[in-house]
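Visitor: I would like a brisk tour of this model. Shall we start with the overall fold and then turn to the ligand?

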Amino acid sequence: MKNNKDKQITLFKNLESTPFTYGTIIFNKEKFVCFLKGINNQNNPSLLKNKVIDLKEIISFPKSDREGLLNIDPNGDTISLRRDVLISELGQILEARTLERAKYYLKRLENGVQKVKTSKVNDINLLRWKEYDEIITDSLWILDKRDSSGAHLAWYWGNFVPQIPHQMMLRYTKKGDWVLDTFAGSGTTLIECRRLGRNGIGIELNPEVVQRANELVKMEYNKYKVITEIITGDSRVIDIKAVLGKHGMDQVQLLIMHPPYHDIIKFSKDKKDLSNAKSTKEFLKMFSEVVDNATLFLEKGRYFILVIGDKYSKGEWIPLGFYCMNEILKKGYLLKSIIVKNFEATRGKRNQKELWRYRALVGGFYIFKHEYVMLFKRK
Ligand SMILES: C[S@@+](CC[C@H](N)C(=O)[O-])C[C@H]1O[C@@H](n2cnc3c(N)ncnc32)[C@H](O)[C@@H]1O
């Protein structure tokens, strides 16, 4: 058990710093750039390739570094690169069929060392995109383990796996950005905010849950000194302007919503709770009110993430996910992606696997094994 936990911690430990958590090699930046330029000035293909082979040798056996590429000057700049990616890039240069191609790859490598190119919505250095292989870009997510490291204790029935907000923040926020989660529950999003250096505000209806969640969120090390706060309120009507204004902000850069999947789990007896909506129609109306209340505070061009599953009622599949998606599209958002994520048995169902299989066979339906992570962009 302990071993498994350790593995998970290593697996998901601060993915944000991807390039630096793998086997990395640290170069004296000035010398490395100079060395790369030297190779690129070489017009004899064999000599050029020999130089690349020398570099590969230095990376594999640092003691063979006669060029001083790995001599770190205390006052000089360093560059840290993922060893496996660098070796593969050098391999590509060695395999290039023409001198021009080899020089092109070398120039690309030099650019990645010298420059940083990011988009408006995240900190991913596109010149070193190959180093971010933990960032998922496929629309089918099969996550076999939830991240249960640090304050992620999974105590709340109906929480989402931390990998969801984690992945979303890496793709759609920059360090220091603000994230709003209008159904904060146990604060999974806020814990991830602390890990990744994003400020986060959560809104949650149930005051007892808010109290426990805030206590746990505070247990997570706040390396980047960000603000993370969950407040009690009804997300349909809470004054978000005032909530953000308290921190001198008027907009957020990421909006996350993980509402109840209607009445699948009853979160409270409160009428304001979406899980107590009397019908699908009423649920959608309440959900739509939350979207209306929050939309104005999402910066234009930024992302809105909806995490939701469907439900089954009286012999009928209710596509809550697509209904909610439609509510959001009606507000003028642009649909960017629909991710289908595997969904493992909830606590309620875990011991009833066989019963559910029997029910499925009798009732002619399929057992839910997926939920959706839908991505929208504010126009
Ligand atoms: C699916 S859970 C969210 C879980 C959360 N993502 C986590 O990881 O713990 C939905 C939450 O929405 C809350 N909720 C329901 N109606 C609400 C409302 N009108 N305003 C704010 N929160 C509400 C529930 O109390 C519940 O905690």
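Guide: Gladly. This is a predicted model. Among contacts in the protein with a separation of 6 or more, 74% join residues 24 or more positions apart.

Visitor: How many helices and strands does the secondary structure of the protein come to?
Guide: The C-alpha trace spans about 75 × 55 × 45 Å along its principal axes. Of the 379 residues, 50% count as buried. The secondary structure comes to 14 helices and twelve strands.

Visitor: How much of the ligand does the protein bury?
Guide: A backbone N or O atom of Phe160 sits 3.1 Å from a ligand oxygen. A polar backbone atom of Leu205 is 3.3 Å from a ligand nitrogen. Alone, the ligand exposes 610 Å², and the protein buries 99% of that.

Visitor: Does Gln163 count as buried or exposed?
Guide: Gln163 is found in helix H7, residues 163-172. A polar atom of its side chain lies 3.3 Å from the backbone nitrogen of Asp147. The relative accessibility of Gln163 is 6%, and the cut-off is under 20%, so Gln163 counts as buried.

How values were computed:
Residues numbered from 1 in each chain as written. Predicted model: local features only at pLDDT ≥ 70, side-chain atom pairs only at ≥ 80, totals over all residues. Heavy atoms only, no water. Polar contact = N/O pair within 3.5 Å; in protein donor to acceptor, adjacent residues only side chain to side chain. Areas by Shrake-Rupley, 256 points an atom, 1.4 Å probe, with all protein chains shown as cover. Helix = DSSP H or I, 4+ residues; strand = E, 2+ residues; numbered from the N terminus. Buried < 20%, exposed > 50% of the residue type's maximum accessible area, 1.4 Å probe, protein only. Contact = heavy atoms within 4.5 Å.
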